[in-house]
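This briefing is for a reader who is new to the structure shown below. It begins with a single residue and then moves on to the chain as a whole, grouped by topic.

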Amino acid sequence: MPRGRGGRGGGYGPKKNYKGQRRHFTDADELKQQQERDKKQQEWRRQQGIESDEEEEEEPKATAKSQGAPGELPPSDSDSEEDSEDEGDKKAKGVEHLIEIENPNRTGARQLKKVTELNTTGKTQLSRREREELEKQQAKVRYQQLHMEGKTDEARADLARLAIIRKQREDAAKKREEERKAAEEAKGSKS
């Protein structure tokens, strides 16, 4: 069976790849020139009496909306129409009116709660990780307190090591003192 059906349909052939093609960007000057041409054309139509009264009323609104910084998209008319309609005026589709759905993505009249209305009387529930972190910090504080009091095994070992070092230093100091006295007596007996 031959392959390669031009990239259309469900065939096996290679599909058309649009990557790497040149892109066309409209320059801001070109946009301004096009707007000026449109304005001139509208003026000419008004002078000739080609347009109806309804179109003339809609054009100033459209031009006011379309004017803006280059690169900004004008707001669509459908958005403003949807905002102006009430939720109650819309007709229910299918079985929508039978089922209550709380869709957070759906815009409309939501029952928003103020910060002051939120239930702050109840105790906040911590997640497992937060609870473990809190317990860990409390245990660390307790251990440091016991360590300062000398009640932990590590503190006892440190105190015992410190006592041994103090005793060694005392013995070394006594030995030096005896040697110094012996050296002074030796000097005193020679003179």
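## Threonine 152 and the rest of the chain

Threonine 152 is buried, because its relative accessible area is 8%, under the 20% cut-off. The model is predicted, and the residue lies in the loop between helix H4 (128-149) and helix H5 (153-190). Buried residues make up 4% of the 191 residues in the protein chain.

**Around threonine 152**

- The side chain of threonine 152 makes a polar contact with the side chain of histidine 147, at 3.2 Å.
- The side chain of threonine 152 also reaches the backbone nitrogen of alanine 155, at 3.2 Å.
- Leaving aside residues up to four places away in sequence, threonine 152 touches Tyr143, Leu146 and His147.

**Overall makeup**

- The protein chain has five helices and zero strands.
- Read from the N terminus, the elements of the chain run α-α-α-α-α.
- Among contacts in the protein chain with a separation of 6 or more, 6% are between residues 24 or more positions apart.
- The protein chain exposes about 19400 Å², and carbon and sulfur atoms supply 49% of this area.

**Confidence in the prediction**

- The average pLDDT of the protein chain is 76, and 68% of the residues score at least 70.
- Over residues 52-57, pLDDT stays under 50; the model has two contacts beyond four places in sequence for these residues.
- Residues 79-85 also have pLDDT under 50 throughout, and here too the model has two contacts beyond four places in sequence.
- Where pLDDT is low, the predicted coordinates should not be read in detail.

**A nonpolar surface patch**

- Val95, Leu98, Ile99 and Ile101 make a nonpolar surface patch of about 410 Å².
- Isoleucine 99, one of the residues in this patch, is placed in the loop between helix H3 (77-84) and H4.

- Side chains of opposite charge can pair when their charged atoms come close.
- Arginine 156 and aspartate 153 are three residues apart in helix H5, so about one helical turn separates them.
- Arginine 156 counts as partly exposed because its relative accessibility is 45%, whereas aspartate 153 counts as exposed because its relative accessibility is 63%.
- Arginine 161 forms a salt bridge with aspartate 158, and their closest N and O atoms are 3.2 Å apart.
- Arginine 161 and aspartate 158 are likewise three residues apart in helix H5, so they are separated by about one helical turn.
- Aspartate 158 counts as partly exposed, at 29% relative accessibility.

- Glu177, Arg180 and Glu184 are linked in a network of salt bridges.

Definitions and conventions:
Residues numbered from 1 in each chain as written. Predicted model: local features only at pLDDT ≥ 70, side-chain atom pairs only at ≥ 80, totals over all residues. Heavy atoms only, no water. pLDDT = per-residue confidence, 0-100. Contact = heavy atoms within 4.5 Å. Helix = DSSP H or I, 4+ residues; strand = E, 2+ residues; numbered from the N terminus. Buried < 20%, exposed > 50% of the residue type's maximum accessible area, 1.4 Å probe, protein only. Areas by Shrake-Rupley, 256 points an atom, 1.4 Å probe, with all protein chains shown as cover. Polar contact = N/O pair within 3.5 Å; in protein donor to acceptor, adjacent residues only side chain to side chain. Patch = residues over 30% accessible without salt bridge, like charges linked within 9 Å, V, L, I, M, F, W, Y side chains within 5 Å. Salt bridge = Lys/Arg side-chain N within 4 Å of Asp/Glu carboxyl O.
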